[in-house]
Amino acid sequence: MRKPTLAIAVAAGLAALTAAAAEAAEVNVYSYRQPFLVEPLFKAFTDRTGIEVNVVFAKKGLIERLKSEGAASPADLVFTVDIGRLHDAAKAGVVEPVRTDALAANIPASLRDPDGNWYGLTTRARLFFVSKDRVPEGGIETYEQLTDPEWKGRICTRSGKHVYMVALTASMIAHHGKEKAEAWLAGLKANLARRPQGNDRAQVKAIHAGQCDISIGNHYYFQKMLDDPKQKPWADSVRVVFPNQDGRGAHVNVSGASLVKGAPNRANAIALLEFLSSTEGQGIYARVNGEYPVSAGVGGPETLAAFKADTLSLARVAELRGEAVRMADRVDYDG
Ligand code: FE
């Protein structure tokens, strides 16, 4: 084998410099998150670093796109919501692990992958919307109480196989074991006012219409409904209840991001991730989208109180998702 000549070494050095220079310019993001949520953050990052952020927005198909582009993909980071989707991207083999001291310091361990495949950047609580008229203050306080006989025919939820519901069921499995969790899901199903249908907001609409008295939904829909003239009456008809505040805390999920495998602008991508996890980035993120920051010491949305969040590892929730989906089938949750 020949030793590398000086010329080759210099060429390699130049290539590295060229790569660094190219990296100084930009970072490419594939985002399932809507432009209004992330653009203010990316602008702040560009103002601070001079690194341009190019974004491809899509409602679906980004993981398939990353798969088909393979090593030729220009993407550096992928942004999505829900532990289910973050986990699916990792399983699809389109992301690569990254770990830095800043990310570990800024993001609680329960909200990031121990292997570094995904990082939670905001949290969302899965809480109860309850009828102001028909559910007394303190009438329901825990996920476990959803199966109480007094709520028979009075609860509305979306499909038990939607990612938001799957993560909640997975958290019940983690806390109570498979058997008790299945009895819980069957008990919840038995208390439903109607077949699961529609999204989180549709359940609140149903409460407003008198079809049910309690629904399960993500916290940020409360503000979204208040901001929409047609939906404001729905929101006005309910109270928000953060479950399990005297115990383990409310189930939370995340929006987050992963480094794309073979990211061409790796250093810039990591810089952006670290910025989003910083006090400055977290403050902007929470203000713009009404979610809760992942980092302690940064305030949450103005319209909702601070609350106690379950610290169960979302990596554990991800592991139990398959079981949660099978459980929804076994109890015929959507039937
Ligand atoms: Fe949502």
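A word on confidence to begin with. What you see is a predicted model, and the chain averages a pLDDT of 91, with 92% of the residues scoring at least 70. Please be careful with residues 1–21, though: pLDDT stays under 50 there, and the model gives that stretch zero contacts beyond four places in sequence.

Now to the layout. The domain assignment puts 3–123 together with 253–301 in domain 1, and 125–250 together with 317–330 in domain 2. Between the C-alpha centres of domain 1 and domain 2 there are 32 Å.

So what does the meeting surface look like? On the domain 1 side, 14 residues are in contact with 12 residues of domain 2. The size of an interface is often quoted as the accessible area that is lost when the parts come together. Here, the area buried between domain 1 and domain 2 is about 910 Å², and carbon and sulfur atoms give 60% of that. In domain 1, the residues that lose the most area to domain 2 are D82, I83 and Y292, together 37% of what that side buries.

Let me turn to the polar side of things. How many salt bridges are there between domain 1 and domain 2? The count is one. As for polar contacts across this interface, the rule finds one residue pair, with both residues at pLDDT 80 or more. On the side of domain 1 that touches domain 2, helix α4, residues 83–91, gives the most, with five residues. Sorted by class, that side of domain 1 has three nonpolar, seven polar and four charged residues.

Elsewhere in your view, have a look at D88 and R321: these two form a salt bridge, with the closest N and O atoms 3.6 Å apart.

One I would like you to find is R33 with E291, where the side chains meet at 2.7 Å, N to O. This pair links distant parts of the chain, 258 residues apart. R33 sits in the loop between β1 (26–31) and α2 (35–49), while E291 sits in the loop between α12 (279–289) and β9 (292–293).

Definitions and conventions. Residues numbered from 1 in each chain as written. Heavy atoms only, no water. pLDDT = per-residue confidence, 0-100. Contact = heavy atoms within 4.5 Å. Domains from an automatic or database assignment. Buried area = accessible area lost by both parts, 1.4 Å probe. Salt bridge = Lys/Arg side-chain N within 4 Å of Asp/Glu carboxyl O. Polar contact = N/O pair within 3.5 Å; in protein donor to acceptor, adjacent residues only side chain to side chain. Helix = DSSP H or I, 4+ residues; strand = E, 2+ residues; numbered from the N terminus. Nonpolar A, V, L, I, M, F, W, Y, C, P; charged D, E, K, R; others polar.
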